[in-house]
Amino acid sequence: MWFKPKSYCVVFDPLDGSSNIDCGVSIGTIFGIYMLKDSHQPTLDDVLQPGKNMLAAGYCMYGSSCTLVLSTGSGVHGFTLDPSLGEFILTHPGIKIPKKGKIYSVNEGNAKNWDGPTAKYVENCKFPKDGSSPNSLRYIGRYYSFSTWQL
């Protein structure tokens, strides 16, 4: 498949988490890809499109290994960089959100601003009324870290 030059635009947060590099936590890049609206010079309107117009989206997490998670609209797949080949290898095909997870991620510092249903959900994660084990809380303030833990 061949594409015309200037057919796409990429929106991204280049180093999400960079304020915490000194803490030794992972950092990453979050990105989305849109088709340009017209065959013209790109404008701000091209990057301010609704998310439903994205052709692809994902994140890349940097740390002890380099992981790329990508969706082009039909499934989510994870790839890990093999430095000896200089290529990303499919290592996590068909990633799915579990029906019931064991981990939840919230910023408890914002609890006073939560609506009733959110507060009730978090309370149930901590103290399940059905007698099951409580969920574990993990919060590091990064989208891609949450996503990886949750999946």
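Start with Gly58: select it and look across to Leu70 in strand E4, which stands opposite. The model is predicted; local features need pLDDT of at least 70, side-chain atom pairs count only at pLDDT 80 or more, and totals for chains, interfaces and linings use all residues. Residues are numbered from 1 along each chain as its sequence is written, and side-chain values use heavy atoms, with hydrogens and water left out.

**Whole chain**

Zoom out. The protein has 3 helices and 8 strands. Helices (H or I, at least four residues) and strands (E, at least two) are DSSP runs, numbered from the N terminus. Along the sequence the pattern reads β-β-α-β-β-β-β-β-α-β-α. Buried residues make up 25% of the 151 residues. Buried here means under 20% relative accessible area, exposed means over 50%, and partly exposed lies in between (1.4 Å probe, protein chains only).

Now color by pLDDT, the predictor's confidence in each residue, from 0 to 100. The average is 84, and 84% of the residues score at least 70. Over residues 144-151 the pLDDT is below 50, although this stretch has 31 contacts in the model beyond near neighbours in sequence. A contact means heavy atoms within 4.5 Å. Where pLDDT is low, the predicted coordinates should not be read in detail.

Select residues 56-62, strand E3. Of its 7 residues, 5 are buried. Two strands pair if DSSP finds at least two bridges between them. On one pairing, strand E2 (residues 27-35) runs antiparallel to E3, joined by 7 bridges. Pick Ile30, and its bridge partner in E3 is Tyr59.

Next, select residues 66-71, strand E4. E3 and E4 pair in the antiparallel sense over 6 bridges. The two are joined by a hairpin through 3 residues. Ser65 lies in the loop between E3 and E4. Ser65 is partly exposed, at 38% relative accessibility. Draw a distance from Ser65 to Pro83: the C-alpha atoms are 9.2 Å apart, for residues 18 apart in sequence.

Strand E5 (residues 76-82) pairs with E4 in the antiparallel sense over 5 bridges. Their hairpin has 4 residues between the strands. Click Gly73 in that turn: phi is positive, about 105°.

Move to strand E6, residues 87-92. E6 pairs with E5, again antiparallel, over 5 bridges. Gly78 stands opposite His92 in E6. The hairpin of E5 and E6 also has 4 residues between the strands, and there Gly86 takes a positive phi near 70°.

Go to helix H1, residues 44-47, and select Asp46. Asp46 is buried yet has no salt bridge. A salt bridge is a side-chain nitrogen of Lys or Arg within 4 Å of a carboxyl oxygen of Asp or Glu. The nearest side chain of opposite charge is Lys37, 5.9 Å away. For charge, Lys and Arg count as positive and Asp and Glu as negative; His and the chain ends are not counted. Show what surrounds Asp46: not counting residues up to four places away in sequence, it touches Cys9, Tyr34, Leu36, Lys37, His40 and Gln41.

Select Gln49 next, in the loop between H1 and E3. Gln49 is buried, with a relative accessible area of 11%. The Gln49 side chain reaches the backbone oxygen of Asp46 at 2.8 Å. Leaving aside neighbours within four places in sequence, Gln49 is in contact with Tyr34, Met35 and Lys37.

**The salt bridge**

How many salt bridges does a search of the whole structure find? The search finds 1. Select Lys126 and Glu108: their closest N and O atoms are 3.2 Å apart. Lys126 lies in helix H2 (residues 116-126) and Glu108 in the loop between strand E7 (103-104) and H2, so the pair ties together parts that are 18 residues apart in sequence. Lys126 is partly exposed, with a relative accessible area of 29%. Glu108 is partly exposed too, at 32%.

Keep Glu108 selected and show its contacts. Apart from neighbours within four places in sequence, Glu108 is in contact with Trp114, Val122, Lys126 and Leu137. End with a distance to Leu137: the C-alpha atoms are separated by 9.9 Å, for residues 29 apart along the chain.

Notes:
A polar contact is a pair of N or O atoms within 3.5 Å; within protein, one must be able to donate a hydrogen and the other to accept it, and residues adjacent in sequence count only if both atoms are side-chain atoms.
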